[in-house]
Amino acid sequence: MLLTPPLSTVAVIAGVVATQAFGAGATTRVRDIPQFGLGTWLSDRGKVAHAVEYALDLGYNHIDAARIYRNEDQTGKGIAEAGIAREDIWVTSKLWNGDHRPDEATAAITKSISDLGVEYLDLYLIHWPVAFVPGQGTTLDQETSILDTWRTMEDFVRNNLTRYIGISNFAKKDVEAIMAMCTICPYAHEFETHPYLQQQDFVDFHKDIGLKVIAYSPLANTNPHYDSGVKPILENGFWKGLASKKNATVPQTVLAWGMQRGTVVIPKSVHEEYIDENMGALEITFTDDEMRTIRDTDKKVRMNDPGKGWGVKLFADLDAPTRLDDEEVKEL
């Protein structure tokens, strides 16, 4: 089975490497987002530092984080322990719902930068197209629109707090709204997509307008947080057969598909063996016929949808939108 790829393949993780101005005379060697990274959502605080350090030592150069994950300080500890030069690693974080107002947003990005132990972020995302009133739980903030939040995000680029800004978990119409008004436009959109929720038309839409797609939960319902009601992808007969054909594991095969369709994949793990194993995806390719066959297996099942608990209809114009009892609730 494919496990750790050779160093020639590890180099592919870096993507486009070049020198780019940032701040006062700074340069960066990882210019564009690497297509393969390490996710940290639900990573145990007591284990994530070692996982990050181990991954970076192995050859990973992309870490996906968020303040709401409540482990950015430990993620930062792992980055520091690896001793990787700042310009050789890509670090993403995200703005939580309760921090959309300008003062709260500035405090939030500053805290993330400090906890992660970096001078700046490579990418900062609006985590959800939903604003909560600061300090009032999930009470919706009717005074702060996503357009207001985007203007605040643009200032973070101007102030050299982040190289790029983007969005996460947005419906298509909200992507279009941001694109219609932005001065500094989104670099990337991070959303759930995997073999059980392929959203190929939505992925292609982003390619057409020049946005990178970051696929979270790229291994579908391997996440124990999810209760999707469908067979775990690791037990799926189609994927087991395809993995066998590729002399690989199911996770390696699924991740390879995600990359070949043009998405950035960020599998989460705190286990050395799986961090090693997942890199084997870089060695796998598919024929056009195989890609078409995979597309036909789409189940259109969404795993992560907090909208009902928030009283918000998320993903309104996408596959598997939030189902609400109250039809009068605003769609986002």
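Two strands count as paired if DSSP finds at least two bridges between them. Helices (H or I, at least four residues) and strands (E, at least two) are DSSP runs, numbered from the N terminus.

## Basis

This is a predicted model: local features need pLDDT of at least 70, side-chain atom pairs count only at pLDDT 80 or more, and totals for chains, interfaces and linings use all residues. Residues are numbered from 1 along each chain as its sequence is written, and side-chain values use heavy atoms, leaving out hydrogens and water.

## The sheet

Eight strands make an open sheet with parallel pairing, in the order E1-E2-E3-E4-E5-E6-E7-E8. Its edge strands are E1 (38-39) and E8 (264-265), each pairing on one side only.

Strands E5 (residues 162-168) and E6 (residues 188-192) run parallel, joined by two bridges. Ile167 has His189 of E6 as its bridge partner. Helix H4 (residues 102-116) packs on the sheet and touches E3, E4 (121-126) and E5. The direction of H4 makes about 140° with that of E4.

## Thr92

Thr92 lies in strand E3 (residues 90-95). Beyond neighbours within four places in sequence, Thr92 contacts His62, Ile63, Asp64, Ala65, Leu123 and Leu125. Contact means heavy atoms within 4.5 Å.

## Helices H6 and H7

The axes of H6 (residues 172-181) and H7 (residues 200-209) come within 12 Å and cross at roughly 10°. The two helices are therefore roughly parallel, a term for angles under 35 degrees. H6 contributes Lys172, Val175, Glu176 and Met179 to the contact; H7 contributes Phe202, Phe205, His206 and Ile209.

How values were computed
Axes are lines fitted to C-alpha atoms, for helices over the stretch in contact, and angles run from 0 to 180 degrees between N-to-C directions. Angles under 35 degrees count as roughly parallel, over 145 as roughly antiparallel, 65 to 115 as roughly perpendicular and the rest as oblique.
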